[in-house]
Amino acid sequence: MSKLWGGRFQKQTNELVEEFTASIQFDQEFAEEDIEGSIAHVTMLQENGVITEEEMSQIKNGLLQIRDQIRNGTFEYTVADEDIHMNIERGLIEAIGPVGGKLHTGRSRNDQIATDMHLYLLRKTKGFIYLIEEVQKVILKQSEDHIETILPGYTHLQRAQPVSFGHHLMTYFWMLERDKSRFQDSLKRISMSPLGAGALAGTTFSIDRSRTAELLNFDEVYPNSMDAVSDRDFILEFLSIASTVMMHISRLSEEMVIWSSQEFQYIEIDDSFCTGSSIMPQKKNPDVPELLRAKTGRVYGNLFSLLTVLKGLPLAYNKDMQEDKEGMIDTVKTLDGTLRLLAPMIETMVVKHENMKASVQHDYSNATDIADYLVNQGATFREAHEIIGKIVLYGIEQNKYLLDLTIAEYKQFSPLFKEDIYEVLQPISVMNARNSYGGTSTSQVQKQINYAKTFL
């Protein structure tokens with residue numbers, strides 16, 4: 001078959017070149033957006049007298065027929081037609097005759113593909129905002145159920161201070177809230193219409209770019225035609241935000257893998273999100289959080305790939321930019337699957353609060369509270385810090401934890417100690433003592449959760 005652009009050429013395209021340069025394998029993902037943009041374009045052309053009302057009606061009806069074929073899986077794509085635009089235009093001409101060739105009046109594939117990707121990312125980004133909220137809801141529910149569940153808090157992966165498990169989980173709520181905010185802010189840069197910019201310099205036809213933007217529900221029109229067809233910042237921004245979301249999810253996944261291990265036994269992941277071993281029948285592997293952790297690298301790679309493609313490109317459009325689509329689509333599918341799995345996995349997670357509580361009774365994570373206790377009795381913080389350091393060393397040498405030491409042993413290190421030290425050292429007391437705004441006390445965590453609900 002001859003190419004729709006083949007008038008200047010005397011030879012057929014090499015078959016290997018066709019396969020290598022074609023993008024239809026992945027840009028058919030934009031079929032709905034491509035037809036939506038084309039319908040807006042021909043509507044505007046008719047309104048401005050570029051084509052007749054009858055021609056517009058024929059083209060529009062033909063496009064709707066092709067859309068139906070695409071939806072029911074009967075439309076045939078070919079590598080020979082290279083991309084989604086040429087496949088649809090070829091199908092349109094075959095369906096309604098030569099009038100289908102008027103569809104491309106006043107536009108280029110350059111502004112057409114940019115329009116498709118803007119429409120596609122608008123729809124997907126709004127979907128991700130919704131999916132993030134679904135994850136936030138289950139985090140909020142688990143957090144509220146476990147405000148009083150005590151967990152060892154860690155720094156450097158060493159036990160630091162007892163914290164509310166609900167407080168710990170809410171950290172991920174706020175990470176996702178920032179991610180959601182970034183996606184919301186990015187919408188104003190995605191919601192810009194490049195349609196009508198042509199190949200790079202605009203068009204000689206009487207068109208109305210504001211009208212097509214209105215028909216497609218874009219908020220703005222690119223003021224510069226060269227920028228309209230060469231800008232991929234909106235994709236880079238999406239990939240960057242997606243990378244940050246995946247990084248946050250990877251951190252939570254890492255903790256779920258650790259918490260579900262035999263060494264910790266803080267949680268149990270539901271069987272429906274785990275697999276077994278082909279050789280060791282006792283195994284229950286946390287495959288889903290492990291894969292969520294791993295797929296983060298895949299999303300990072302898509303971001304770095306596009307940054308590398310764009311870094312040396314002169315204006316305006318270059319074939320290199322075909323490489324913007326596959327990574328974007330892959331990231332969309334990866335993030336979509338990730339968020340859809342994450343919500344039910346958190347929701348069905350069983351929290352083993354007794355194991356968590358037992359952990360904080362067999363460590364020195366309440367040591368800071370002894371220092372604070374001594375300061376309240378009149379010691380300086382530096383004096384108190386040195387005293388508690390010696391007490392911890394003594395406890396390690398005697399194989400005792402802080403609640404195991406007698407009052408006589410405490411008084412060896414300072415006469416300021418009294419019997420009330422044992423109440424201060426109780427894990428629940430240590431947790432609730434952190435009653436500053438944003439702290440881990442039960443009252444502060446409840447306030448935090450109530451505040452978080454206003455973001456949903």
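## Strand pairing, pockets and ring pairs in a predicted model

Leu151 has Val163 in strand 2 as its bridge partner. Strand 1 and strand 2 (residues 158-164) are antiparallel and are joined by six bridges; two strands count as paired if DSSP finds at least two bridges between them. Helices (H or I, at least four residues) and strands (E, at least two) are DSSP runs, numbered from the N terminus. Two residues lie between the strands of this hairpin, in which His156 takes a positive phi near 60 degrees.

The model is predicted: local features need pLDDT of at least 70 and side-chain atom pairs count only at pLDDT 80 or more, while totals for chains, interfaces and linings use all residues. Residues are numbered from 1 along each chain as its sequence is written, and side-chain values use heavy atoms, with hydrogens and water left out.

**Pockets and cavities**

Rolling a probe the size of a water molecule over the atoms shows where empty space is left. The search here uses a 1 Å grid over the protein atoms alone: a cavity is a set of points where a 1.4 Å probe fits but cannot get out, a pocket is an open set with protein on both sides within 12 Å along at least five of seven lines, and lining residues have an atom within 4 Å of a point. Grid points are joined across faces, edges and corners, and a volume is the space filled by probe spheres set on the points. In the lining classes, Ala, Val, Leu, Ile, Met, Phe, Trp, Tyr, Cys and Pro count as nonpolar, Asp, Glu, Lys and Arg as charged, and the others, Gly among them, as polar.

| Space | Volume | Lining by class |
|---|---|---|
| Largest pocket | about 390 Å³ | nine nonpolar, four polar, three charged |
| Second largest pocket | about 280 Å³ | five nonpolar, five polar, four charged |
| Largest cavity | about 40 Å³ | seven nonpolar, no polar, no charged |

The largest pocket has 16 lining residues, and those nearest its centre are Tyr154, His168, Tyr172, Glu255 and Trp259. Strand 1 (150-155), helix 7 (165-190) and helix 10 (233-259) are the elements that give two or more residues to this lining.

The second largest pocket is lined by 14 residues, with Ser260, Ser261, Gln262, Lys284 and Pro286 closest to its centre.

Three cavities of 30 Å³ or more are found in the whole structure. The lining of the largest cavity consists of Ile139, Leu169, Tyr172, Leu252, Met256, Ile346 and Met349. Helix 7 and helix 10 are the elements that give this lining two or more residues.

**Aromatic pairs**

A pair of aromatic rings is described by the distance of the centres and the angle of the planes. Rings of Phe, Tyr and Trp (its six-membered ring) pair if their centres lie within 6.5 Å; planes under 30 degrees apart count as stacked, over 60 as edge-to-face and the rest as tilted. The whole structure holds 17 aromatic pairs. Phe183 and Phe238 form a tilted pair, because their ring centres are 6.1 Å apart and their planes stand at 35 degrees. Phe183 is in helix 7 and Phe238 in helix 10, so this pair ties together parts that are 55 residues apart in sequence. Phe183 and Phe238 are both buried, where buried means under 20% relative accessible area, exposed over 50% and partly exposed in between (1.4 Å probe, protein chains only).

Tyr451 and Phe455 have ring centres 5.1 Å apart and planes at 85 degrees, so their pair is edge-to-face. Tyr451 is partly exposed at 44% relative accessibility, and Phe455 is partly exposed with a relative accessible area of 29%. Ring pairs link Tyr451 and Phe455 with Phe173 and Trp174 into a cluster.

**Single residues**

His118 belongs to helix 6 (residues 109-145) and is buried at 0% relative accessibility. Apart from neighbours within four places in sequence, the contacts of His118 (heavy atoms within 4.5 Å) are Arg189, Ile190, Met192, Pro194, Phe218, Tyr222 and Phe234.

Glu82 has a phi of about 70 degrees in the loop between helix 4 (53-72) and helix 5 (84-96), and is buried with a relative accessible area of 10%. Asn217 has a phi of about 65 degrees in the loop between helix 8 and strand 4 (220-221), and is exposed with a relative accessible area of 60%.

The peptide bond that joins Leu315 and Ala316 is cis, with omega about 5 degrees. Ala316 sits in the loop between helix 11 (287-310) and helix 12 (324-347).
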